[in-house]
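Colleague: Please take me through this model one feature at a time, giving the general idea before the particular case.

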Amino acid sequence: MQVDFLATMAAVVDERTGRAVGLELRRVLQAGREMQAALARRLGVRVTDVQAMDHVAATDEPLGTVELGDRLGMRSASAAALVSRLIEAGHVVRESHPADRRRVVLTPTVHGRAEVRDQLAPMLDELTAVIGALDDAEAATVLRFLQQAGAVMRSYAASDTGEEDRGD
């Protein structure tokens, strides 16, 4: 009888912990959206401009206007207008694709990176302190969780093929 009780308690604790982790992940994602809105206000741009700058700066593959629009869920005309705003603000430039000179890709400018970094510096300093307080095992666990959670989210995003859901 004791074993069944312990197994049941372990399952309840695991379920509660799982729910707590899931809820906290939702809160972190919401905080990220709030942070993007605050950064947009500080930079004097739209939230979609901040999201676009993040995609351009953090991508492994060079992005053109069409690919950027796809990632943001917007039509090509809206993406072209957004890119024009970012170029006019000095945040990105158009350059030839490194492997295919016929294609044009977007690259963040030194000015754009510096402006974003300056605005984010206080938050990044605090996050660095939070990370620094983790021991190696904790950091490895957090890193593994974030990698796996990110992979799940990217997989979900990649499975979206609904043109009817796209808006400007």
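Modeller: Contact means heavy atoms within 4.5 Å, and on that reading Val93 touches Val105, Leu106, Thr107 and Thr109, not counting residues up to four places away in sequence. This is a predicted model, in which local features need pLDDT of at least 70 and side-chain atom pairs count only at pLDDT 80 or more, while totals for chains, interfaces and linings use all residues. Residues are numbered from 1 along each chain as its sequence is written, and side-chain values use heavy atoms, with hydrogens and water left out.

Colleague: In which element does Val93 lie, and how is its accessibility to be read?

Modeller: Elements are DSSP runs numbered from the N terminus, with helices being H or I over at least four residues and strands being E over at least two; Val93 lies in strand β1. For accessibility, buried means under 20% relative accessible area, exposed over 50%, and partly exposed in between, with a 1.4 Å probe and protein chains only. Val93, at 31%, therefore counts as partly exposed, and its C-alpha is 8.3 Å from that of Val105, which is 12 residues away in sequence. Arg94 is also placed in strand β1, residues 92-96, and is partly exposed because its relative accessibility is 45%. The C-alpha atoms of Arg94 and Leu106, 12 residues apart along the chain, are separated by 4.8 Å, and beyond four places in sequence Arg94 touches Val83, Ser84, Ile87, Val104, Val105 and Leu106.

Colleague: How many helices and strands are there in the chain, and how do its elements run from the N terminus on?

Modeller: The chain has 6 helices and 2 strands, which run α-α-α-α-β-β-α-α from the N terminus. Taking contacts between residues at least 6 apart in sequence, 48% join residues at least 24 apart; of the 168 residues, 21% count as buried.

Colleague: Which residues have the most contacts inside the largest nonpolar core?

Modeller: A nonpolar core is a set of buried Ala, Val, Leu, Ile, Met, Phe, Trp, Tyr and Cys residues joined through side-chain atoms within 4.5 Å. Here the largest such core has 19 residues, and those with the most contacts inside it are Leu43, Val50, Leu68 and Leu82. At least two of its residues come from each of α1 (2-43), α2 (47-58), α4 (76-88) and α5 (110-132). Not counting residues up to four places away, Val50 touches Gln36, Leu39, Ala40, Leu43 and Val45. Gln36, found in helix α1, counts as buried because its relative accessibility is 16%, and beyond its neighbours within four places it is in contact with Val47, Val50 and Gln51.

Colleague: At what angle do α3 and α4 pack, and at what angle do α2 and α4?

Modeller: Axes are lines fitted to C-alpha atoms, for helices over the stretch in contact, and angles run from 0 to 180 degrees between N-to-C directions. Angles under 35 degrees count as roughly parallel, over 145 as roughly antiparallel, 65 to 115 as roughly perpendicular and the rest as oblique. The axes of α3 and α4 are 9 Å apart at about 110 degrees, so these two helices are roughly perpendicular. Their contact is made by Thr65, Leu68, Gly69 and Leu72 of α3 with Ala79, Ala80, Leu82 and Val83 of α4. For α2 and α4 the angle is about 80 degrees and the axes are 10 Å apart, so this pair is roughly perpendicular too; Thr48, Asp49, Ala52 and Met53 of α2 meet Leu82, Arg85 and Leu86 of α4. Within α4, Ala79 counts as buried because its relative accessibility is 1%, and beyond four places in sequence it touches Thr65, Gly69 and Met74.

Colleague: Where does Thr59 lie, and what does its side chain reach at 2.7 Å?

Modeller: A polar contact is a pair of N or O atoms within 3.5 Å; within protein, one must be able to donate a hydrogen and the other to accept it, and residues adjacent in sequence count only if both atoms are side-chain atoms. Thr59 lies in the loop between α2 and α3 (65-72), where its side chain reaches the backbone oxygen of Glu61 at 2.7 Å and makes a polar contact of 3.4 Å with the side chain of Arg71.

Colleague: In which helix is confidence lowest, and in which is it highest?

Modeller: pLDDT is the predictor's confidence in each residue, from 0 to 100; its mean for the chain is 87, with 88% of residues at 70 or more. Confidence is lowest in α1, at a mean of 82, and highest in α5, at 96. Over residues 163-168 pLDDT stays under 50, and the model has 11 contacts beyond four places in sequence for them.
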